[in-house]
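Here's a quick look at one part of this structure. Have it open alongside the sequence as you read.

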Amino acid sequence: MPQVLVIEDDETTAREIVAELSAHGMQAEWVANGSEGLERAMQRDYDLITLDRMLPGMDGIDVVAELRRAGRDTPVLMISALSDVDERVRGLRAGGDDYLTKPFAPDEMSARAEVLLRRRQPQAMVQRLRVADLELDLVSHVAYRGGQPLTLLPTEYRLLEFLMRNSGQVLTRTMIFETVWGFHFDPGTNVIDVHIARLRRKIDGAGQPALIHTVRGTGYMIAAANETAPVVS
C-alpha cells in the first residue's frame with residue numbers, strides 16, 4: 001500500500017485528500033505545518049507527498065526545495081490556490097513533480113497521484129509498449145496496429161506514448177495538455193480533442209476494436225475493450 005504524506009493546513013481540504021487517496025488504496029498521513037511536514041518527509045521514505053503551496057511554519061516552495069537539496073527524490077504533487085503560470089513554474093522548478101490548482105476535482109487529484117506513483121516504480125528498460133494489438137516502439141518511434149506500421153506526427157506520437165504509458169488510467173484533459181504540450185491548460189482550447197480525433201482515425205480503423213475511449217466530463221483513456229472504465233464512449 002503506497003504511503004502518502006499530506007502537508008496541508010486547511011483541515012477540510014486535507015480530509016478530502018486523505019479520503020480520496022484512501023479510496024484508491026493509499027495510506028495517507030496528514031500534517032498541517034510546513035516545518036513539521038519537512039521533518040516527517042526527511043524521517044520516512046514516503047512514496048508520494050502532496051504539498052500545499054502556502055503553509056504556516058514553512059512555505060511549500062521552501063519545503064520541496066529543502067527536500068531536493070537533501071537528495072530526497074520522493075514525488076511531490078504541489079496543490080495551491082495560486083494558479084498563474086509564474087507560480088506553477090516556481091513550484092516545478094523548486095522540485096515539484098506536478099502542480100494542481102485549487103479548487104480541484106478529487107478524482108483528478110487521485111489520478112495525478114497514481115501517475116506519479118507509477119513513474120516511481122522500478123522498471124526494466126522498456127523498448128515497446130503494448131495495449132491489445134497496438135504496439136509502440138520507443139526506440140524507432142514507430143507505432144503498429146495488428147503488425148501494420150502507423151504514420152504518426154511528432155505530437156501524435158507523444159500523445160500516444162502518454163496514453164499507453166498510463167493504459168487503463170483515465171487521464172484528464174489538463175494532465176494530457178500539460179504533459180504533451182508542456183504548458184498550462186486553456187479550457188477554451190479544443191486542441192486535445194482535435195489530436196485525439198486524428199489519432200483515433202489512424203489507430204481505431206474500420207473493423208478494429210476501439211482502444212482510445214472518451215470518459216465523459218473527464219478526459220480520455222487507452223485500454224482494450226475488456227479494460228475500459230464504466231462510463232466511456
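## A strand pair

Let's start with two strands that run antiparallel: strand 7 (residues 134-137) and strand 8 (residues 142-145) are joined by four bridges. One of the residues involved is Leu134, whose bridge partner in strand 8 is Arg145. Keep in mind that this is a predicted model.

## The sheet around it

Zooming out, the sheet has four strands, is open, and goes in the order 6-7-8-9 with antiparallel pairing. The edges belong to strand 6 (128-131) and strand 9 (148-150); each has a single partner strand, so one side of each has no neighbour in the sheet. On average, and ignoring direction, neighbouring strands here are turned by 25 degrees against each other.

## A helix across the strands

What lies across strand 6, strand 7 and strand 8? That's helix 6 (residues 154-165), which runs at about 115 degrees to strand 7.

## Arg118

Now for a single residue in another helix. Arg118 sits in helix 5 (residues 106-120).

As for its contacts, the Arg118 side chain makes a polar contact with the side chain of Asn166, at 2.6 Å. Arg118 can also be placed relative to Ala28: the two are 90 residues apart in sequence, and their C-alpha atoms are 17 Å apart in space.

Terms used: Residues numbered from 1 in each chain as written. Predicted model: local features only at pLDDT ≥ 70, side-chain atom pairs only at ≥ 80, totals over all residues. Heavy atoms only, no water. Pairing = 2+ DSSP bridges. Axes fitted to C-alpha atoms, helices over the stretch in contact; angles between N-to-C directions. Contact = heavy atoms within 4.5 Å. Polar contact = N/O pair within 3.5 Å; in protein donor to acceptor, adjacent residues only side chain to side chain.
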